[in-house]
Amino acid sequence: MREILAVARARGVGLAVDLVETTMAYIDGLPPAGTISMQRDIMEGRPSELDNWSGAVVRLGGDAGVPTPTHAMIYAALLPLEARARGELAF
């Protein structure tokens, strides 16, 4: 969330000052066993929104000169699974 906020600010997107805290409080209130659709897609070998989520944060951060090490790690770690789901890589 902090990386997203930093990228947004660097690109002139106005977000609430307490965005990270508010969002994390919401997430902390969700059921522990809950998952997001992207996670379910990746776990089930289906194409996901990985490029539109973490990939976009990495690209936009790079364009704005904002480091995004967490999103870069997530993207790099999951990209082979995404490529496999899209038929671009065989294991």
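Reply: Accessible areas here come from the Shrake-Rupley method with a 1.4 Å probe. The model is predicted. By that method, the chain exposes about 6100 Å², and carbon and sulfur atoms supply 62% of this area.

Me: What makes up the chain, helices or strands?

Reply: The chain has five helices and zero strands. Read along the sequence, its pattern is α-α-α-α-α. Taken along the principal axes, the C-alpha atoms fill a box of roughly 45 × 35 × 15 Å.

Me: How much of the chain is buried?

Reply: Of the 91 residues in the chain, 23% are buried. The label requires a relative accessible area under 20%.

Me: Why is Ser 48 called buried?

Reply: Buried means under 20% relative accessible area. Ser 48 has 6%, so Ser 48 is buried. Its place is in the loop between helix 3 and helix 4. Not counting residues up to four places away in sequence, Ser 48 touches Met 38, Asp 41, Ile 42, Glu 82 and Arg 86.

Me: Glu 49 lies in the loop between helix 3 and helix 4. Why is Glu 49 called partly exposed?

Reply: Partly exposed is the label between the two cut-offs, under 20% for buried and over 50% for exposed. Glu 49 has a relative accessible area of 27%, so Glu 49 is partly exposed. Leaving out residues up to four places away in sequence, Glu 49 touches Ser 37, Met 38 and Asp 41. Glu 49 and Ser 37 are 12 residues apart in sequence, and their C-alpha atoms are 8.7 Å apart in space.

Me: How do you know that Glu 49 and Ser 37 touch, with C-alpha atoms 8.7 Å apart?

Reply: Contact means heavy atoms within 4.5 Å. The 8.7 Å value runs from C-alpha to C-alpha, whereas the contact is judged on heavy atoms. Glu 49 and Ser 37 are listed as touching.

Me: What makes the pair Asp 41 and Arg 46 a salt bridge?

Reply: A salt bridge needs a side-chain nitrogen of Lys or Arg within 4 Å of a carboxyl oxygen of Asp or Glu. For Asp 41 and Arg 46 the N to O distance is 2.7 Å, so the pair meets the definition. Asp 41 is found in helix 3. At 12% relative accessibility, Asp 41 counts as buried, whereas Arg 46, at 36%, counts as partly exposed. Setting aside neighbours within four places in sequence, Asp 41 is in contact with Arg 46, Pro 47, Ser 48 and Glu 49.

Me: How many salt bridges does the structure hold?

Reply: The structure holds four. One of them joins the side chains of Glu 44 and Arg 46, at 2.3 Å from N to O. Glu 44 has a relative accessible area of 52%, and the cut-off for exposed is over 50%, so Glu 44 is exposed. Another joins Arg 86 and Glu 82, at 2.6 Å from N to O. Arg 86 is partly exposed at 43%, while Glu 82 is buried at 6%. Salt bridges that share partners join Asp 41, Glu 44 and Arg 46 into one network.

Me: Which residues of helix 4 are buried, and what do they pack against?

Reply: The buried residues of helix 4 are Ser 54, Gly 55, Ala 56, Val 57 and Gly 61. They pack against helix 1 (2-10) and helix 5. Just after helix 4, Gly 65 takes a positive phi of about 75°.

Me: What is the volume of the largest pocket, and which residues are the closest to its centre?

Reply: The largest pocket has a volume of about 700 Å³. It is lined by 20 residues, and the closest to its centre are Met 1, Thr 23, Ile 27, Ile 36 and Trp 53.

Me: Which helix gives the most to the lining of the largest pocket?

Reply: Helix 2 gives the most, with four residues. Helix 2 (19-28), helix 3 (37-43), helix 4 (51-64) and helix 5 (69-85) each supply at least two residues of the lining.

Me: How do the residues of that lining divide into nonpolar, polar and charged?

Reply: The lining has 14 nonpolar residues, six polar and no charged.

How values were computed: Residues are numbered from 1 along each chain as its sequence is written. This is a predicted model: local features need pLDDT of at least 70, side-chain atom pairs count only at pLDDT 80 or more; totals for chains, interfaces and linings use all residues. Side-chain values use heavy atoms; hydrogens and water are left out. On a 1 Å grid over the protein atoms alone, a cavity is a set of points where a 1.4 Å probe fits but cannot get out, and a pocket is an open set with protein on both sides within 12 Å along at least five of seven lines; lining residues have an atom within 4 Å of a point. Grid points are joined across faces, edges and corners, and a volume is the space filled by probe spheres set on the points. Ala, Val, Leu, Ile, Met, Phe, Trp, Tyr, Cys and Pro count as nonpolar, Asp, Glu, Lys and Arg as charged, and the others, Gly among them, as polar. Buried means under 20% relative accessible area, exposed over 50%, partly exposed in between (1.4 Å probe, protein chains only).
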